[in-house]
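This report takes the chain part by part, starting with helix packing and moving on to a sheet. Keep the structure open while reading.

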Amino acid sequence: MPEVKLLDCTLRDGGYVNDWKFGHDNLVCIFERMVDAGIDFIEIGFLDERRAFDMDRSIMPDTDSVGKLFGGLDRKGTKVLGMIDFGTCGIEKIRPKKASFLDGIRVIFKKHLRKEAMEFCAQLKALGYLVFAQMVSVTSYEDGEMLDLIRLANEVQPYAVSMVDTYGLMYRENIRHYFELLNTNLDSEIAIGYHAHNNFQMGYANCIAMMSLHTKRDLLVDGTVYGMGKSAGNAPIELIAMWMNENLGKNYHLSQILEAIDSNISNFYTPATWGYNMFFFVAAQNECHPSYVSYLMEKRTLSIHSVNRILARIPKEKKLLYDAAYIEGLYKDYQDREMDDGEALSALETAFAGRNLLLLAPGANLHRQQERVHDYIRKENPLVVSVNFIEERFPIDYLFLTNSKRYVQLATVLSRQDGEYRVIATSNVAKTNGTFDYVLKYSSFIDREAEVIDNPFLMFLKVLGKTGVRKVALAGFDGYRGTGEADYIRPNLEYHFGRKEAERVNRYVTGELRKGKDRMETVFITDSIYEREDGRTENES
């Protein structure tokens with residue numbers, strides 16, 4: 001009689017949230033609660049020879065370490081599993097099952113490694129273990145590749161072959177398609193498993209869809225306590241257990257799982273949260289590796305529209321295998337739109353000729369020392385240029401835009417301004433309607449060798465250099481402290497640099513000002529770290 005079985009992988013997949021440092025007391029408590037809940041399988045962590053043994057972590061270099069952490073605990077009727085990411089733990093680190101606390105080992109592998117991974121599974125099986133073949137990113141498999149994996153599995157005869165929806169891309173139709181391929185072609189004694197992620201909020205629903213399929217073989221469904229897990233999290237095991245109790249006649253003890261949430265898992269929910277959010281939705285929507293999204297969004301220069309346009313350019317074969325150099329190239333290509341800005345520069349040269357210029361940035365000192373700024377405006381009557389923000393406390397003549405994200409934040413204000421000021425934009429910023437007053441070639445004003453290639457302050461100084469301006473007053477260009485305190489006048493403008501990163505940016509800007517002092521005189525109206533020769537804050541040694 002076929003069965004549907006439940007597997008808890010909190011101590012393994014949940015470990016991506018806290019670097020597997022649950023603490024030994026939590027490891028023991030979660031294990032015992034899952035046993036008392038009657039869960040069929042408990043995955044107690046990774047076997048990874050690259051990591052040293054740590055009594056507080058559920059990532060272990062060998063099977064002997066499993067016994068050190070969990071040996072002596074009563075597993076009752078529960079099967080205990082470990083996981084190996086193929087290639088990270090050699091067979092010599094695995095003792096035979098009779099000398100191990102583990103009953104089975106799950107092996108995850110990418111599709112291009114399926115042959116070698118299944119050979120490794122055969123070695124584990126020869127040592128006496130229940131073996132589970134886990135297809136990472138199942139949605140990347142073409143039907144022919146899936147059939148080849150099934151052929152290999154039929155030769156090895158693992159306990160189960162599992163569909164791993166690594167990036168949370170699957171809907172019911174996908175599950176049914178892959179399931180039919182497996183169910184039709186896989187030997188009948190091999191169970192079919194499913195491991196969900198929640199990027200589209202489909203993890204729980206997909207588990208129900210999987211368990212509702214008709215088959216004469218055993219099924220296996222994964223979950224984690226409270227959905228704790230990598231990226232958008234996993235299907236919550238408490239919900240799956242509840243559904244199985246109500247629909248499949250199971251008798252899992254939900255109170256034990258809820259106690260684990262309250263006593264053990266909630267401690268990790270803040271600050272390292274998991275669960276559905278826009279970031280992982282964007283990754284899933286574009287069927288790409290989340291690191292591509294994080295790379296682009298951490299630039300803080302792109303609107304979501306721009307992020308999606310760049311991600312759409314990634315070819316299918318690269319989507320799920322992160323390539324840092326490739327996405328950096330796409331980002332730079334997207335920002336570097338070819339165009340002729342000679343006419344715009346000429347017009348700006350005419351507009352700036354013979355006038356004092358005051359450049360405003362949103363540093364906190366713009367508010368703290370605003371009287372200095374107002375005094376300067378009253379005495380010098382400068383043209384006022386605001387960089388990537390608008391502040392109603394000061395009259396502005398021009399807005400300089402280099403950042404699509406800032407443009408989106410200013411869209412409402414810009415739509416209401418009726419000729420109060422003119423907009424100078426670099427070519428990477430696309431206007432929603434019509435054109436900006438002046439558009440400048442983005443690639444002409446960036447520094448490709450810098451850590452922050454498109455620092456808007458230095459970009460505008462280059463604009464001024466090309467338009468014949470040799471002196472500019474500055475307000476609100478405070479520099480970065482990296483202490484967690486506010487550097488800007490509004491929270492939505494913050495960059496949240498750490499101390500070391502802030503120091504690097506400060507030194508870079510200070511150095512560029514020093515190099516260009518013969519060509520451009522800069523006068524700071526408000527206090528700035530950039531005035532210091534070393535680019536350091538006063539409290540730094």
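Helix α8 passes helix α9 in a right-handed crossing. This is a predicted model. The axes of α8 and α9 (residues 237-247) are 10 Å apart, and the two helices pack at an angle of about 35°. From α8, the contact draws on Y204, C207, I208 and M211. From α9, L239, I240, M242, W243 and M244 take part. The contact of α8 with α9 holds nine nonpolar residues, no polar ones and no charged ones.

Helix α8 also packs against helix α7. Here α7 spans residues 172-185 and α8 spans residues 203-211. Their angle is about 35°, and their axes lie 9 Å apart. The crossing in which α7 passes α8 is right-handed. Which residues meet? On the α7 side they are R172, I175 and F179, and on the α8 side N206, A209 and M210. The contact of α7 with α8 divides into four nonpolar residues, one polar and one charged.

Is T184 buried or exposed? T184 is exposed, because its relative accessible area is 58%, and the cut-off for exposed is over 50%. T184 and T215 are 31 residues apart in sequence. In space, their C-alpha atoms are 9.7 Å apart.

Helix α12 covers residues 290-298, and helix α13 covers residues 304-311. They pack at an angle of about 135°, with axes 10 Å apart. Angles over 145 degrees would count as roughly antiparallel, and 65 to 115 as roughly perpendicular. The pair α12 and α13 is therefore oblique. The crossing of α12 and α13 is right-handed. Y292, V293, L296 and M297 of α12 make the contact with I304, V307, I310 and L311 of α13. The residues of the contact of α12 with α13 are eight nonpolar, no polar and no charged.

| Helix pair | Angle | Axes apart | Source |
|---|---|---|---|
| α7 and α8 | about 35° | 9 Å | pack together |
| α8 and α9 | about 35° | 10 Å | pack together |
| α12 and α13 | about 135° | 10 Å | pack together |

Next comes the sheet. What is its strand order? The open sheet of seven strands runs β14-β13-β12-β11-β10-β15-β16, with parallel pairing. The edge strands are β14 (438-440) and β16, and each of them pairs on one side only. On average, neighbouring strands of this sheet are turned by 25° against each other, direction ignored. In general, strands of a sheet pair through backbone hydrogen bonds, either parallel or antiparallel.

Strand β15 has β10 on one side and β16 on the other in this order. Strand β10 (residues 357-360) runs parallel to β15, and three bridges join them. L359 has L474 in β15 as its bridge partner. Four bridges join β15 to strand β16 (residues 521-524), and these two also run parallel. A473 stands opposite V523 in β16. How many residues of β15 (residues 471-475) are buried? Four of its five residues are buried, so β15 is largely enclosed by the rest of the structure.

Elsewhere in the sheet, strand β11 (residues 383-387) pairs with strand β12 (residues 398-401). This pairing is parallel and has three bridges. The bridge partner of V385 in β12 is Y398.

Helix α17 (residues 370-380) lies across β10, β11 and β15. Its direction runs at about 155° to β10. Helix α20 (residues 456-466) touches β10, β11, β12, β13 (422-426), β14 and β15. The direction of α20 makes about 120° with that of β12.

Finally, the whole chain. Its secondary structure comes to 21 helices and 16 strands. The C-alpha trace spans about 90 × 50 × 45 Å along its principal axes. Of the 541 residues, 56% count as buried. Among contacts with a separation of 6 or more, 71% join residues 24 or more positions apart.

Technical notes
Residues numbered from 1 in each chain as written. Predicted model: local features only at pLDDT ≥ 70, side-chain atom pairs only at ≥ 80, totals over all residues. Heavy atoms only, no water. Axes fitted to C-alpha atoms, helices over the stretch in contact; angles between N-to-C directions. Left-handed = near helix turned anticlockwise from the far one by under 90°. Contact = heavy atoms within 4.5 Å. Nonpolar A, V, L, I, M, F, W, Y, C, P; charged D, E, K, R; others polar. Parallel < 35°, antiparallel > 145°, perpendicular 65-115°, else oblique. Buried < 20%, exposed > 50% of the residue type's maximum accessible area, 1.4 Å probe, protein only. Pairing = 2+ DSSP bridges.
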